[in-house]
Amino acid sequence: MFAISLGDDGAELRPLEPYHAEEYLAHMERGREYIGRWIPLPDVSTDLPSSRAFLQSYADRAAADRGRLYGIWVDGTLVGGVLFGSFDTATGNCEVGCWLEETAVGRGLVTRAVRVILDWAVEERGMHRVEWRVAPGNTASIKLAERLGMVREGVLRESYPLRGVRLDGEVWSVLAPEWRELRAAGR
């Protein structure tokens, strides 16, 4: 297994795999309320079997080259993650997402982690378009999309259910030439 340092603060990015199910469930328990405000991830992992099944679904996606899941660890504790919810090499399109425990907010962890996986997707895998989807009220995620140089393309009205309520989804994206230009400028 590999670990990529996210800086000098003890943060690392690593694959999040089925054998992490107990650690992942403990992480979801700590962050269930905060993480679940905008995404259904905590509702999918409510016990050890469902946590293992979720992680296995991403292991299967990775094996099929259709998605990836990475955890963010700080000083050995899983505090969040980033993912490719979709990854289509034939079209050169993928979608990234993230989540984070409240105790880890404000340290730039997700920004650093997303930059790592975007660099890999664009430079190593030849992705042309990277999407970011976010509920309009999720200002932290919108600010992250802006920091990453993404462009807001529009709103998908009532596009996803979350705990019995249909939420709008903003679509943001960055294209490979834009990403390269941003990275060359030091962003």
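Ground rules, briefly. Residues are numbered from 1 along each chain as its sequence is written, and side-chain values use heavy atoms, with hydrogens and water left out. Because the model is predicted, local features need pLDDT of at least 70 and side-chain atom pairs count only at pLDDT 80 or more, while totals for chains, interfaces and linings use all residues.

Salt bridges to start. The rule is a side-chain nitrogen of Lys or Arg within 4 Å of a carboxyl oxygen of Asp or Glu. That rule gives 14 salt bridges. I will take three of them.

One joins Asp43 and Arg163, with the closest N and O atoms 2.9 Å apart. Asp43 sits in helix H2, residues 41–44. Arg163 sits in the loop between strand S7 (151–162) and strand S8 (165–175). The two are 120 residues apart, so this pair links distant parts of the chain. On naming: helices (H or I, at least four residues) and strands (E, at least two) are DSSP runs, numbered from the N terminus.

How accessible are these two residues? Buried means under 20% relative accessible area, exposed means over 50%, and partly exposed is in between, using a 1.4 Å probe and protein chains only. Asp43 is partly exposed at 37%. Arg163 is partly exposed too, at 48%.

Next, Asp119 and Arg183. Their side chains meet in a salt bridge, 3.1 Å from N to O. Asp119 lies in helix H4 (residues 109–124) and Arg183 in helix H6 (residues 176–184), so the pair ties together parts 64 residues apart in sequence. Asp119 has a relative accessible area of 24%, which makes it partly exposed. Arg183 counts as partly exposed at 32%.

Now Glu153 and Arg129. Their closest N and O atoms are 2.5 Å apart. Glu153 is in strand S7, Arg129 is in strand S6 (residues 129–134), and 24 residues separate them. Is each one buried or partly exposed? Glu153 is partly exposed at 43%. Arg129 is buried at 19%. This pair belongs to a network: Arg129, Glu131, Arg133 and Glu153 are linked by salt bridges.

Back to H4, for Thr111. Thr111 lies in that helix. Its relative accessible area is 7%, so Thr111 is buried. The Thr111 side chain makes a polar contact with the side chain of Arg147, at 3.2 Å. A polar contact here is a pair of N or O atoms within 3.5 Å; within protein, one must be able to donate a hydrogen and the other to accept it, and residues adjacent in sequence count only if both atoms are side-chain atoms. Not counting residues up to four places away in sequence, Thr111 touches Leu144, Arg147 and Leu148. Contact means heavy atoms within 4.5 Å.

On to helix H3, residues 48–63. What span should its 16 residues have? The expected span is 1.5 Å times one less than the number of residues. That comes to 22 Å, and the end C-alpha atoms are 22 Å apart, which agrees.

Which residues of H3 are buried? They are Ser50, Ser51, Phe54, Leu55 and Tyr58. The face turned away from the buried side carries the exposed residues Pro49 and Ala63. The buried residues pack against helix H1 (21–35), H2, strand S3 (68–74) and strand S4 (77–88). Just after H3, Asp65 takes a positive phi of about 60°.

A quick stop at His128. His128 is in the loop between H4 and S6. At 41% relative accessibility, His128 is partly exposed. Leaving aside neighbours within four places in sequence, His128 contacts Gly92, Val174, Leu175, Ala176 and Pro177.

Last, the cores. A nonpolar core is a set of buried Ala, Val, Leu, Ile, Met, Phe, Trp, Tyr and Cys residues joined through side-chain atoms within 4.5 Å. The largest has 36 residues, and those with the most contacts inside it are Ile72, Val82, Trp132 and Met150. H4 gives the most to this core, with eight residues. Beyond four places in sequence, the contacts of Ile72 include Leu6, Leu13, Val82, Val110 and Ala113. A second, separate core has 14 residues, among them Ile35, Leu55, Tyr58 and Leu78.
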